[in-house]
Amino acid sequence: MRRRRIDKRVTPPDPRFGSKLVHRFVNMVMVSGKKSIAERIVYGAMDQACQKVSAPDPLAMFQKAVENARPLVEVKSRRVGGATYQVPIEVRQDRGVFLALKGLRDYARGRTGKPMKDRLAEELIAAYQGQGSAVKRKEDMHRMAEANQAFSHYRW
């Protein structure tokens, strides 16, 4: 190995729930360094979604939504002898969470006509119930990996 291993940065917990997961999501939603606005959006969306599905705890509801959107396998392109294969690879825990949070954020941003807080709340509700675009993306990833299982011996 040419260089030393880079240590993972320690993420502090968020102020309201004491959760590192929520803090990561706030940082993902944040645009141009405006953290207070991102916190307002995320906390407001969590509260709104929690009321609509009548869940007892916003944090538990958020964690279940992220778990429902978290992929377990993904495909990566691998070039072998002039041909490119989609090789299924297991996803590490932290990357799976990253992909789930990214999916929730991106599909909430993709919705139109409402404030971000409302769009994010709708996406969280859909993911909590096992529906929505973020969960569909996870299922598509799993389907792709299943279809390309024959190439799993090219894993590296």
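**Entry 1: the cavity lining**

I began with the lining of the largest cavity, and I noted that helix H6 gives the most to it, with four residues. I am working from a predicted model, and I keep that in mind for every entry below. When I listed the residues that line this largest cavity, I wrote down Ala69, Pro71, Leu99, Ala100, Gly103, Ala134, Arg137, Lys138 and Met141. I then looked up which elements give two or more residues to the lining, and these are helix H4, spanning 93-110, and helix H6, spanning 132-147. Sorting the lining by class, I found six nonpolar residues, one polar residue and two charged residues.

I next asked how many cavities of 30 Å³ or more the structure holds. I found one, and I recorded a volume of about 60 Å³ for the largest cavity. I reminded myself that rolling a probe the size of a water molecule over the atoms shows where empty space is left.

**Entry 2: the nonpolar core**

I turned to the largest nonpolar core, which has 35 residues, and I looked up which of them touch the most other members; these are Phe62 and Leu124. Tracing where this core comes from, I noted that helix H1 (20-29), helix H2 (35-52), helix H3 (58-69), H4, helix H5 (116-128) and H6 each supply at least two of its residues. The largest share of this core comes from H2, which provides eight residues.

I then followed Phe62 and asked which residues it is in contact with, once its neighbours within four places in sequence are left aside.

**Entry 3: the chain as a whole**

Reading from the N terminus on, I wrote the order of the elements as α-α-α-β-β-α-α-α. For the overall extent, I noted that the C-alpha atoms fill a box of roughly 55 × 40 × 30 Å along the principal axes.

I also looked up burial, and I found that buried residues make up 38% of the 156 residues in the chain. The accessible surface of the chain comes to about 9,600 Å², and carbon and sulfur atoms account for 49% of that surface. Last, I checked contacts with a separation of 6 or more, and I recorded that 61% of them are between residues 24 or more positions apart.

Methods: Residues are numbered from 1 along each chain as its sequence is written. This is a predicted model: local features need pLDDT of at least 70, side-chain atom pairs count only at pLDDT 80 or more; totals for chains, interfaces and linings use all residues. Side-chain values use heavy atoms; hydrogens and water are left out. On a 1 Å grid over the protein atoms alone, a cavity is a set of points where a 1.4 Å probe fits but cannot get out, and a pocket is an open set with protein on both sides within 12 Å along at least five of seven lines; lining residues have an atom within 4 Å of a point. Grid points are joined across faces, edges and corners, and a volume is the space filled by probe spheres set on the points. Ala, Val, Leu, Ile, Met, Phe, Trp, Tyr, Cys and Pro count as nonpolar, Asp, Glu, Lys and Arg as charged, and the others, Gly among them, as polar. A nonpolar core is a set of buried Ala, Val, Leu, Ile, Met, Phe, Trp, Tyr and Cys residues joined through side-chain atoms within 4.5 Å. Buried means under 20% relative accessible area, exposed over 50%, partly exposed in between (1.4 Å probe, protein chains only). Contact means heavy atoms within 4.5 Å. Accessible areas come from the Shrake-Rupley method with a 1.4 Å probe; for residues, only the protein chains shown count as cover.
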